[in-house]
Protein chains: 2
Amino acid sequence: MIDDTRASEITEHDPEIDETQRLISSRKVEGTHVYNLEGEHIGSVDSFMVDKLSGQVSYAVMSFGGFLGIGERYHALPWDALTFDTSAGGYVVNITREQLEGGPSFAHGDDPWTDPEYGRLIHSHYGLPYRM
Amino acid sequence: MIDDTRASEITEHDPEIDETQRLISSRKVEGTHVYNLEGEHIGSVDSFMVDKLSGQVSYAVMSFGGFLGIGERYHALPWDALTFDTSAGGYVVNITREQLEGGPSFAHGDDPWTDPEYGRLIHSHYGLPYRM
């Protein structure tokens, strides 16, 4: 179960941070670092899954493990699990490495999103409410 | 001035459309067609500008004109100007070609987002309120 106190903060607009620092091109999200609460680097962003209708990012897909793409697994995290840390320039997640390792994952070339239950599965694993 | 009646609809969740149809990878947004209200194809999506903190797409960057990338211009449209048309599989904007041609644009390699006023300029041109 994720404590989503932090997650709720990300939707608030911080007047101290202007748009030039807030915006990132969809072409450049790859490689954004992801840390756990202990500050340990646990992976990096591969891509975002965006809701085409609302324009809201629903999942951050993390690439995780592997070497030169071999054996690499992709783990989608619900957006609500991520908090952007402006000082670190990356996302912080209240998720342990064990939770991540045991979470739903897929291989390069797979498209798990064709399964209408996939999103629900992800939210359930991380103990977050599924809103669709 | 854009009539944003349509735009307001996109934030509503349509129970008829499941997540498998709603989600698109940030890697695949390029090439999504953009039409005007007359159904005329006016360009295609190059990329999205995403708010790193909230995960909300703020602008769709359209590529427009040019040939093989030469002379191509990029025009960012406020997300509120776009409505996803599921039957067309693309976005509909209540913007004329003339408005688009006269709108803020930049060349390949330029990064206009370093200007903190750029977002405000775009919203102003299309007559949409700027919320930051």
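**View 1. Surroundings of Phe48(B) in the predicted model.** Phe48(B) touches Ile24(A), Ser25(A), Ser26(A) and Val50(A) from chain A, and Val29(B), Val57(B), Tyr59(B), Ala60(B), Trp79(B) and Tyr91(B) from chain B, leaving aside residues up to four places away in sequence. Contact means heavy atoms within 4.5 Å. This is a predicted model, in which local features need pLDDT of at least 70 and side-chain atom pairs count only at pLDDT 80 or more, while totals for chains, interfaces and linings use all residues; pLDDT is the predictor's confidence in each residue, from 0 to 100. Residues are numbered from 1 along each chain as its sequence is written, chains are lettered from A in the order in which they are written, and side-chain values use heavy atoms, with hydrogens and water left out.

View 2. Ser47(B) belongs to strand β3 (residues 41-51) of chain B; strands are DSSP runs (E, at least two residues), numbered from the N terminus. Ser47(B) counts as buried because its relative accessibility is 4%, the cut-off being under 20% relative accessible area (1.4 Å probe, protein chains only). Among the residues that Ser47(B) touches are Arg27(A) and Val61(B).

Terms used: Helices (H or I, at least four residues) and strands (E, at least two) are DSSP runs, numbered from the N terminus. Buried means under 20% relative accessible area, exposed over 50%, partly exposed in between (1.4 Å probe, protein chains only).
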